[in-house]
Amino acid sequence: MVAPTGNWWLPASLQEKKWVTLSFVWCMILFAMMPLWHFRGGQNPSGIRGKTTPAAFRARVDRFIKEYQVGTDHGYPLVAPPPGADIYLQAQMWSWTPVLKLKKNASYTLHLSSVDVNHGFSLYPVNLNFQVVPGYDYGLRITPNIAGEFNIICNEFCGILHHNMVGKVIVEE
Amino acid sequence: MTATTSNEPTAASGASLIERVTSKFRRCPVTNLKVDPQAEMLIKVNAVVAVVCLLIGVIAAIGLVLTRWQLVHFLTAPMYYRFLTLHGLNMLIFFIIFFEMAVLYFASTLLLSARLPAAKLGWLAFGLMMIGMLLVNTMVFMGKADVLFTSYPPLKAHPIYYLGVILFAVGALIVSGMFFATIIIAKKEKAYEGGLPLVTFGALTAAIIAVITLVHGAIVYIPTFLWSLGLMEIDPQVFRMLFWGLGHSTQQINVAAMVAIWYLLAGLTVGGVVMNEKISRTAFFLYILFISMASAHHLLVDPGMGAAWKVWNTSYAMYLAVLASMIHGFTVPAGVEMGMRLRGHTQGLFGWLRRAPWGDPGFSGMWLSLVIFGFFGGVTGVTIGTEQINIIAHNTMRIPGHFHTTVVGGTALAFFAVTYYLLPLVFQKRVRFWTLAKIQPWMFGIGIVIMAVSMILMGIFGAPRRHWDSSFATSPFPMEMHPMLEVFQATMGIGGLIAATAVLIFILIAVSTVFFGKRITPEDLVNGASGLPQGVLKLPAQQHKGPEVAEAHKNGVRGTMVLVGIFFVVFALYYFTNWKLLSMAWKVG
């Protein structure tokens, strides 16, 4: 509160120095963890990033459905692509298309985009979350490690029926 | 300290204008500082409007917690999203920024005993901010801006909504400019001697960050306004990046303002010592340099940016800002410990803490703000702001869980605490409902922690934020959430209601004190009248001199060392637990 007068640029006390040093070292550890995980860890948000347009992405999704559709689920096309394939998921007010049927421990490249506003990809209950931005194609290499049925919740507000926007992923043994 | 009539230090003798102005000053009987009535009036109006916005925000908050609590499920879906928009804007923007404008006037004029150079400009800025606030709120009330706080295009609101945001930002920018001018003129006119007081230095940091932030606001909202009129295109990813230059940096203004208030209240309540001016000031300086880059952590799982960009912006730069917060997290409690020890509370490790004035809402609020911000807000923030950990946190309930401990448990609580000193010092009123005032910070702090921890746990279970219906009754696929989520929804609701009640109590106290409070008389200060915090009745020494200071420095702050040690262990445990959680998820990359 009071203005310091005279020479106030004094050396810090020993305890203060200790805490500042510890904090600094800790900050560097926090920093190092991220590049380290890129080399050693299996969960990274980098992916393959590209630009697209709503029309082009919609066409790509339609082609993908045509190629691998095996049935329907609650009115949505059910698609079973082979392991290693590029798979497409389209976000649109207020639905995810199509329903995906995947194999456990197989890898896929999942392409996410929106044809209208921002949406959020949230795989429940695994709790993987990615932003889906119109005009951008986000390609993520995913490897499901558990079999079962999963839901995709939209977790970015996208209009008044946002809470209805739920999709589905089936992972088989 | 009692009323004093000591002679004023002569300010720039010979300048008749200045003499004319200074003759209008009031002298504060407690702090002996000179008060410019124009500045005091602007502090009052900004603070009062801040409280009105707080009232709108808290009414919305009650609707929200009662809706997210699925058992109650109070609001309809459109009303829920409208209330959410209202809540975010009135709390994060209007309440906090109006209050910060009051803090800027306070730190530049009152603390420096300086005059306000252009009061008319201050009124113009206030007018712009008022019009902006009213336009935005009207649009939201009318249902023409159901776009939530973030308003990401291509989701569109009425053009007047964007115009309101722009006018508000321009007003705030003018006040920041006036703050710089006041400091420069005060120095020239020798209103104060030596360096800038640390509290004003902290406010200066806040003002510089405010300028950076508001410039981002102009960059993003002017094209968005034009886009809403159909005059230009806008890239959703570019908007997200620029928006967070505004959206997150606004919260960094709060951090700097909050830390400045911690130092102020430590001084007013227990005569807190600044351990080392160099260290504290360097920490504020680190905020200016690095904290704005932290906005990038909103884009960690976005498709638009590469890994190197994400790692650099959120980590290296951000962690130097984290370093700054960790430094303040040490120097503030250490200053309190030293201040208490110098006043004779020297017993053991924690005698100073036991003897601290816990019944003084200015002190308890400051201390709770410090603890909640550090232990809950800081630790969760750094963790979810890590590039990869963000995969399991982005847009889940963990995010509101985090910022309700930083902005609400930290900043808002610090603002409440300082109000208990502003009411007697600036408004010159005895605080009404003093017994309620003593418990208000505790009630608020406990409520917000229960609510935010529940939110964080919901997020760890994968519950999305900003979501009306956790039963998913009308979704195309049947879906059941984890049963534990119902428990957390209930605790979130209960914590939220406790905190909201505490906010209503605060508003009751503040409004009735301003309008119906008894004016302080010199006898009140002597007799220790009720409604005056202990720091106002007897201002602790602000500067310590002599051999006992050297002795105190030599004995050090052992209690604080233990406290920050506990903090460090909690931080490291929480951080690495999250890496463990992440490693169990599907492989992705």
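Which residue in S3(B) is the bridge partner of A:Ile142?

1. The bridge partner of A:Ile142 is B:Val588, in S3(B). Strand S3 of chain B, residues 587–588, pairs with S10(A) in the antiparallel sense over two bridges, where strands are DSSP runs of E with at least two residues, helices are runs of H or I with at least four, and both are numbered from the N terminus; two strands pair if DSSP finds at least two bridges between them.

2. This is a predicted model, in which local features need pLDDT of at least 70 and side-chain atom pairs count only at pLDDT 80 or more, while totals for chains, interfaces and linings use all residues. Residues are numbered from 1 along each chain as its sequence is written, and side-chain values use heavy atoms, with hydrogens and water left out.

3. In chain A, 85 residues are in contact (heavy atoms within 4.5 Å) with 106 residues of chain B. The rule finds three salt bridges across this interface (a side-chain nitrogen of Lys or Arg within 4 Å of a carboxyl oxygen of Asp or Glu). A salt bridge joins the side chains of B:Asp235 and A:Lys51, at 3.2 Å from N to O.

4. B:Thr331 lies in helix H9 of chain B, residues 307–342, and is buried, with a relative accessible area of 2% (buried means under 20%, with a 1.4 Å probe and protein chains only). Leaving aside neighbours within four places in sequence, the contacts of B:Thr331 include A:Glu16 and B:Tyr263.

Key: Chains lettered and ligands numbered in written order. Buried < 20%, exposed > 50% of the residue type's maximum accessible area, 1.4 Å probe, protein only.
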